[in-house]
Amino acid sequence: MRTLLFQEAVGADRFLLGGKGFGLAEMTSIGLPVPPGFTITTDVCKEYYARGGKIPEGLFEEARLKVKEVEAKTGKKFGAEEDPLLFSVRSGAPFSMPGMMDTVLNLGLNERAAQWMAKATGNERFVYDSYRRLVQMFGRVALGASGGRFEKELEERRKTAGVKMDIELSPEELRSLVSRFKDIIREETGKEFPEDPFVQLEMSIEAVLKSWKNDRAREYRRYYGIAEDLGTAVNVQAMVFGNLGPSSGSGVGFTRNPSSGERALFGEYLANSQGEDVVAGVRTPVGISELEPGLLGRLRALAKLLEDHFRDMQDFEFTVEDGKLFLLQTRSGKRTAQAAVKIAVDLAEEGLIGPEEAVMRIEPQMLDALLHRRLDPGSEDKPVAKGLNASPGAASGKVVFDTDEAASRGGSEKIILVRPETTPEDIKGLIASQGVLTARGGMTSHAAVVARGMGKAAVVGCSEIEIATDGTMFTTKSGEKVVKGETITIDGTAGNVYRGEVKMVDPDISPEFGRLLAKADQFRRLGVWANADTPEAAAKARDFGAEGIGLCRTERMFNAPNRLPIVREMIMSRDEAERKRHLYRLFPFQLADFKGIFSAMGDRPVVVRLLDLPLHEFLPPMEELLVEIEGMKEEGARPEELVAQEKVLARVRQLAEHNPMLGHRGCRLAVTYPEIYEMQTKAILQAALEDVRERGETARVKIMVPLVAHAGEFTFLRKVVDGAAEEVFKERGERVPYQVGTMIETPRAALTASEIAEWSDFFSFGTNDLTQTTFGFSRDDVEAKFIPKYLEMGILPKSPFDSVDVSGVGKLVRMAVDAGRKTKPSLEVGICGEHGGDPSSIAFFNEAGLDYVSCSAFRVPIARLAAAQAALGKKSTATSV
């Protein structure tokens, strides 16, 4: 069946019914007050596009049969001139896409039906308000008229009438608007608004199917990684009316607070309205807690029933028609990262879900938002305006009023999107922005819901600002003018708006966050280590749960201001003896560096990568030197100073390479100058010995040789490292255990892993360089020049630098793991590239049999959760949000 009454659809899944249809079927099955209707399944949408945008044969005939069944339930007839049945037509994708597709309300109204209803109800204002909404929605959605002209006409009528809100317009003004809206449709499209209700219904169904591929829906799916082939269902439901008068209204509720996760009914209600008014943010509603006790009690009881049935926080829409409560839809609610963690942990501890499900409920990337910085509580900056704290977190950026401009600028600079209210068309601007500020709208408005889902800061309903109609500035209630391009800071946690960039501090981690990760740690197999180069970074990584340091880069230590001059003198040395003299001037610095890191990590493993960068990286750029020397000549610098700089220039030219990434760096540099690795090894092991003496223990020391492509390189350098180690142990009269391993970051290393494993104690995949060398890409060039085009064209599903290329790079990883362990079964294997913090890559590394992943400190929690989900067998989330 392609069309199913809600009660017939019970048992079908959300991939067939869409999220909205699934929720309606389930609510109907447990006896909740749901207006009757039917769902046209997602299979129809797929067939529609497979047929080149043509309605499948017989679909409308099937729909008419379902209409008759709904007529029988309601006692009303669709298309009748007296007491007509009216419908809403709404989209419903398998995964929630709030506001991205189209809706039409009040279908079935025409001139004769409106006249009868006005007379029968004695409420002409309600009837023509509903009719006005139908013509406006249908004209825009089904006939392609410009929504802007309708809004402009509505604004002019309000001004003429001297009122601020639509509900204050008289019946005569609304009746006149209906006529004017029909004129606008005729002028813009050359078509007439159809009086036949069945034509309205059929055109609306097709319009919803078409909206699956509108620009905003595509943009939303691209952002969330939702598959393009899922399609949308269409839900046709009997209308109930929240715009009958003061005893009617519509609202949105959440069974728990979507910002904090608190176990309390949360939401908003707008009297004398239809549902679109609440989410559109055109009028600012009241909080659910302000409703009269009887209605509030009924909503609380329904909220508990919904949550007990769906076993998750629900976002539900409801309408009150002359005091009678109806539920129009329910879905798992969009929530902030903070709320997601708290809700998952609380539901597990309340017994509604198990610990495994709690772990699987959280998208690992969501945790990133919890690790964002917040405003410094000690800041003395004063807010210039205050609105509703719709989505927590803080963000600073330049004020931009136009969505298209935000989309174009957001990739290269930080911006804050400022709008009167947002609409679904603003999705690309929201994606590109650091945060959003709106003058109107409530906590359940489009801006609030979408920002929460994206983990972006949002302040909405900020009536203390007035946005200039020309989009050049906004003015605060105190008269301050904030112009386009000026930097502001918004605090979505408190709802405040500040001028300028306000100081921020590291985030506080909630108790639930720790409890979730503790649950995750019970299930994961992979170890989670961190990349850290300083004692402070190592301590932070340990705080986040890192079980070791998988990459300590020593070249960053060389770049410190008090060391760089010594490094440059070493590079300028004329012979080995002079080079060693300068190298050992660096020894005390390296000793202190390693000792601090070992101390911070206790007895955990620390992998120290020996120097990887080519030497020219430590010298000034050639262009800079040429300009400096020319300036010295013009200013009459002393001859000896000029000669010294010309020697540096000569050395830079000598060291210059056409492709430094593939040149004289890593182990190749050490084969040429083994004294570099000799000094570093001595500093590493002496630091470990001193750490043992002072603390009674030290880190498990692992020394890593970078960029090995041939077993001969590694065997030579292993002898250098072991020889330096023996010198230290002999001199100190004591020993510490250590291991020597290599990075696998060239295809040849992966292909000859069995040979390298004979000498190496461990492998660590450097997937950044392995990706470059496997693809033949220079990352700095390709990411700017053609990777975006490849992604747009579908040549690449995602950037191989963001998520590991399983079929190419991944194949080399598998080969190296298998070959290495065939030679040495106990071989420890990890990964220390940026992919170590990417959830989909972690799933691959778990399957490939690696022992650990290593990533930046702030991604350690993400990796812990992703590793647990990989062990529990979570499937790819490429089609979910």
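1. How many helices and strands does the chain have? The chain has 36 helices and 33 strands, where helices (H or I, at least four residues) and strands (E, at least two) are DSSP runs numbered from the N terminus. This is a predicted model, so local features need pLDDT of at least 70 and side-chain atom pairs count only at pLDDT 80 or more, while totals for chains, interfaces and linings use all residues. Residues are numbered from 1 along each chain as its sequence is written, and side-chain values use heavy atoms, with hydrogens and water left out.

2. Overall dimensions and surface. The C-alpha trace spans about 105 × 65 × 50 Å along its principal axes. The accessible surface of the chain is about 35700 Å², computed by the Shrake-Rupley method with a 1.4 Å probe; for residues, only the protein chains shown count as cover. Carbon and sulfur atoms hold 50% of that surface.

3. Of the 881 residues, 56% count as buried; buried means under 20% relative accessible area, exposed over 50%, and partly exposed in between (1.4 Å probe, protein chains only). Among contacts (heavy atoms within 4.5 Å) with a separation of 6 or more, 69% are between residues 24 or more positions apart.

4. Charge. The chain carries 115 positive and 130 negative charges, and their mean positions are 2 Å apart. Lys and Arg count as positive and Asp and Glu as negative, with His and the chain ends not counted. Each charge is placed at NZ of Lys, CZ of Arg, CG of Asp or CD of Glu.

5. Ser 433. This residue sits in the loop between α16 (427-432) and β18 (435-438). Is Ser 433 buried or exposed? Ser 433 is buried, at a relative accessible area of 1%. Its side chain reaches the backbone oxygen of Gly 429 at 2.6 Å. Neighbours within four places in sequence aside, Ser 433 is in contact with Ala 406, Ile 415, Leu 417 and Lys 456.

6. The whole structure contains 78 salt bridges, each defined as a side-chain nitrogen of Lys or Arg within 4 Å of a carboxyl oxygen of Asp or Glu. In one of them, Arg 186 pairs with Asp 183, with the closest N and O atoms 2.8 Å apart. Both belong to helix α7 (residues 171-189) and are 3 residues apart, so about one helical turn separates them. Arg 186 is partly exposed at 34% relative accessible area, and Asp 183 is partly exposed at 26%.

7. A salt bridge between loops. Asp 376 pairs with Lys 503, the closest N and O atoms being 3.6 Å apart. Asp 376 is in the loop between β13 (374-375) and β14 (385-386) and Lys 503 in the loop between β24 (496-499) and β25 (504-505), so the pair ties together parts 127 residues apart in sequence. Asp 376 is buried at 18% relative accessibility, whereas Lys 503 is exposed at 54%.

8. Lys 398 forms a salt bridge with Glu 413, with 3.3 Å between the closest N and O atoms. Lys 398 is in strand β16 (residues 394-400), and Glu 413 is in the loop between α15 (403-409) and β17 (415-419), 15 residues apart. Lys 398 is partly exposed at 33%, as is Glu 413 at 24%. Elsewhere, a network of salt bridges links Asp 129, Arg 132, Arg 133, Glu 155, Arg 158 and Asp 166.

Conventions. Polar contact = N/O pair within 3.5 Å; in protein donor to acceptor, adjacent residues only side chain to side chain.
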